[in-house]
Amino acid sequence: MERRNFIKSVGLTVAAGAAPWVNTAQAQTGPIRIGLLSPLTGVLAAGGKELVEGFELYWKQNGLTLAGRQVEIVVEDDGSNPDMALQKARRLVEQRNVHFLMGSVLANTGLAISEFARSSGTPYFIPVVAADELTQRKAVPNIVRVAGYSASQMPRPLAEYAYNVKKVRKIVTISQDYTFGHEQCGGFCQTFTELGGQVIQQFWHPINTADFSPYLAQIRNAGADAVFVMETGADANRFIKQYQNFGLQGKLPMYGAMNLTDQSVIRTLGAESGGIISSAHFAEGSDNAATKKFVAEYSAAYEKLPSIYGFSLYSGAMWIAEAIKKINGRVEDKTAFLNAVRATELTNSPLGRPVKLDRYGNPVYDVFIRETKVRPDGKFWNVPIEVYPGVSQFGKYDPEVYMKQPPYSRDFQGIKKS
């Protein structure tokens, strides 16, 4: 069904100052009101659109009624800006009277919204915001990472794979210089060095770097066995292209954080994106029946393969809906609602395998080691080549012991000196 027909068929209208959709139909008990925040303008507008698409697809398939109540979704643009995100979150709760908040992408916008949620007691669900602290040292009961992941969680199995399977011993890292990058690199570096590997050098660069050649020259001459790359969005696209142009593709193996080879990046690339190894809980090239079904449905709806943004918000909507059904729609009872969310084990997600939360509100996943491979149509996607079952946000560490170390930052990467 085309999006314009979907909007017309369920009586959706656009809220003032908020695009793109909101259902204004009323039920006898009043609607369940969801505030969805997404970067619809700014540097992450493309990913923000896919975030809304994934959320929208779930409701297209399942309707806008839960437990006898209508569902009203109000979407606000956070602009990839913490101040704007805070303003919009406050508006959603205080003026639009939403029962809970979902969404956002960047760690800084998510942290701004979380501070408001913390002080107001509003339930806030974060399927994409990956800042470790939100479900670790700064965890609070009303902020839950439904269908999401912590930044340092996914790179740990990749470090094990690189060291144990590929026999990588010396590595360099390059990353965007902000919290998400610090945490992903930290998860990789701590695991890799505790296994016995050596991090020769780390390179940090500003978001929206146009020219990577100064970094690539140093990477080429570092004497490493491989490089770990943490890039998102346009930076990821540029890095992959310039890596090939610099003559490093096929000579120095590239291990990537999950976002490096996300569909939001590689769908516009060609052969230069092939053969990159990454790790994630979602792999659109999986032959799992549930994953194949979701990929086919998403592709039919939007004429593109799903990104982590679309997948996460689709699964997040599913998770919240399951919890609301358990409490017969009583979302006003925040304690019952949050308890139901935390107790939900998602058995029917596009992953095709059960997912549940740890006691800090972060999912435990089977994590795939993925390789970018070409499809018959010439497009590239991520195909699982190995799986690490039951990966926690704390990896193999005891949570209480782990949280006594500092949070990952540019200055603390958890590197064990040899």
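**Buried strands, cavities and pockets in a predicted model**

Ile277 counts as buried, at 9% relative accessibility; here buried means under 20% relative accessible area, exposed over 50%, and partly exposed in between, with a 1.4 Å probe and protein chains only. The model is a predicted one, in which local features need pLDDT of at least 70 and side-chain atom pairs count only at pLDDT 80 or more, whereas totals for chains, interfaces and linings use all residues. Residues are numbered from 1 along each chain as its sequence is written, and side-chain values use heavy atoms, with hydrogens and water left out. Ile277 belongs to strand 13 (residues 277–280); helices (H or I, at least four residues) and strands (E, at least two) are DSSP runs, numbered from the N terminus. A distance of 9.1 Å separates the C-alpha atom of Ile277 from that of Met258, 19 residues apart along the chain.

Strand 11 (residues 226–230) is mostly covered, with five of its five residues buried. Burial extends to both faces of strand 11: Ala226, Phe228 and Met230 lie on one side, and Val227 and Val229 on the other. Strand 11 pairs with strand 9 (residues 170–176) in the parallel sense over five bridges, where pairing requires that DSSP find at least two bridges between two strands. In this pairing, Ile171 has Ala226 of strand 11 as its bridge partner. Strand 11 also runs parallel to strand 12 (residues 254–256), to which it is joined by three bridges. Here Phe228 has Tyr255 of strand 12 as its bridge partner. Together with helix 8, strands 11 and 12 make a right-handed β-α-β unit; a crossover is right-handed if, with the strands pointing away from the viewer, the path from the first strand over the helix to the second runs clockwise.

Four cavities of 30 Å³ or more are present in the structure. On a 1 Å grid over the protein atoms alone, a cavity is a set of points where a 1.4 Å probe fits but cannot get out, and a pocket is an open set with protein on both sides within 12 Å along at least five of seven lines; lining residues have an atom within 4 Å of a point. Grid points are joined across faces, edges and corners, and a volume is the space filled by probe spheres set on the points.

Of its 18 lining residues, Val43, Leu44, Thr232, Gly233 and Ala234 are the closest to the centre. At least two lining residues of the largest pocket come from each of helix 2 (45–62), helix 8 (233–245) and helix 9 (263–266), and helix 8 gives the most, with four residues. By class, this lining has nine nonpolar, six polar and three charged residues.

The second largest pocket has a volume of about 240 Å³. Of the 14 residues that line it, the closest to its centre are Arg156, Glu160, Thr191, Gly395 and Lys396. Helix 5 (155–165), helix 6 (179–195) and strand 16 (380–391) each contribute at least two residues to this lining, and strand 16 provides the largest share, four residues. The lining of the second largest pocket contains six nonpolar, four polar and four charged residues.

The structure holds zero disulfides, a disulfide being a pair of cysteine sulfur atoms within 2.5 Å. Cys185 is in no disulfide, and the nearest cysteine sulfur, that of Cys189, is 5.7 Å away. Cys189 is likewise in no disulfide, the sulfur of Cys185 being the nearest cysteine sulfur. Cys185 is buried, with a relative accessible area of 0%, and Cys189 is buried, with a relative accessible area of 0%.

Key. Ala, Val, Leu, Ile, Met, Phe, Trp, Tyr, Cys and Pro count as nonpolar, Asp, Glu, Lys and Arg as charged, and the others, Gly among them, as polar.
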